[in-house]
Amino acid sequence: MVSAPRAAIIVTGDELLRGRVADRNGGYLAGWCDARGIEAARLTLLGDDTAAIDAAVRAELAAGIDLVITTGGLGVTHDDLTMAAVASATGRPLTLDDAALALIRSATASATYLSSVPAHIRDATERKQAMLPRGAHMLAPIGTAPGCIVPVGDQRVVVLPGPPYETERMWPVAAAHPALAQIIARAGRPPRLVLCLHGVVESQLVAALDRIPAPVRGGARLGICATPGELELTLADVADGGSDRLAEAIDDAFPDATFTRTGEHVEDLVAKLLLARGEHLVVAESCTGGLLGSRLTALAGASRWFLGGVIAYDNAVKQGALGVPEQVLATDGAVSEPAARAMAEGARLRLGADWGLSVTGIAGPDGGTPDKPVGTVLLGCAGPHGTVVEAHRFRGDRGLVRQRSCVYALHLLRRRLTDSPR
């Protein structure tokens, strides 16, 4: 039996170690590998240190890793050192790649922001970026920095730029390159399910798993990832059909909690349901301040089912833009069942949608009262067959309360779209 290839991902950048920028490349590459049956053995984060990067690449190659992927450090400044480190680690001196230089010059010539850079400085920086390890396969730049694939016997080192936009567009080109064909051919996506559950916490799941018979539990390898308001369970067969049997047992323990077996996000399911029904959505947000609308519009094609929304943070906006009655705000308050109901209905009617989804709450850290402590959130969902309001009390800091509010609002809408007649 041919073993699955193993990959190691090395993400570089001082800005990452200082916490100024969050890494996206490591997760993207690890997810890509996992989805295709390549084991992501390690994910390493390093600063802009030639010796450290050199040592890390050497260590992974010595450990027999099939595919070493680096990101970052391909720019023009003094701390862009990755290409030199990879050249040293693989024993291939840097040489000027004429094809890379031509592509870089073409890219910089069209960049108006570089027009004020003196020609001799531009030439020097272009040549720096065009220096690749001897014998490497050049990967055309997405911005101005080319990447490359460096063969090391049967192993490969792939060097990618740091900006996520560039990494996510260069990597598929690298993965399709003939130089990686043998490694990719050995990969095979293992049979697996990705169950996503809403409204179940880890302690409940652990207790339920203890009650499932050992032969069923042992039939699949189970990975658990908790996110705000959801649990993601990855099930991979150990025995034939093991994932399905364990998934059925989990479904029996938590009826109606599983909303997908393919790892889809709740907003993806909402989008599909709205499209299938030919209906449109609007939102009215207070404590989430546009976070819900941002999550929805991050989906390509959202304009086919999402009309827009109102960020009604101040009571005057709730009253003026959404028609929340002054008496409701004065008597019940902005964080109340009547306010959430009026916000959802007002957004739906005034913006001309089939569905209106509202969020109002106290995200903290201040603003709570004994009756309405921090974390109190009201969600409203107005549709063709009436309005439903849910009250929640979420734990966590301001960011976590806002995230959970969005997740629970989307699940409220998902259930109503699933259960409501057209």
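**A walk through some buried parts**

Let's start with helix H4, where Thr82, Met83, Ala85, Val86, Ala87, Ala89 and Thr90 are the buried residues; buried means under 20% relative accessible area, with exposed over 50% and partly exposed in between (1.4 Å probe, protein chains only). Helices here are DSSP runs of H or I with at least four residues, strands are E runs of at least two, and both are numbered from the N terminus. Before going on, note that this is a predicted model: local features need pLDDT of at least 70, side-chain atom pairs count only at pLDDT 80 or more, and totals for chains, interfaces and linings use all residues. Residues are numbered from 1 along each chain as its sequence is written, and side-chain values use heavy atoms, leaving out hydrogens and water.

With 7 of its 9 residues buried, H4 (residues 82-90) is largely enclosed by the rest of the structure.

Who sits beside S8? Strand S3 (residues 67-71) runs parallel to S8, joined by 5 bridges, and Ile69 has Val158 as its bridge partner. Strand S7 (residues 147-152) pairs with S8 in the antiparallel sense over 5 bridges; pairing takes at least two DSSP bridges between two strands. Here Val150 stands opposite Val157. S7 and S8 make a hairpin with 2 residues between them, and Gly153 in the turn has a positive phi of about 65°.
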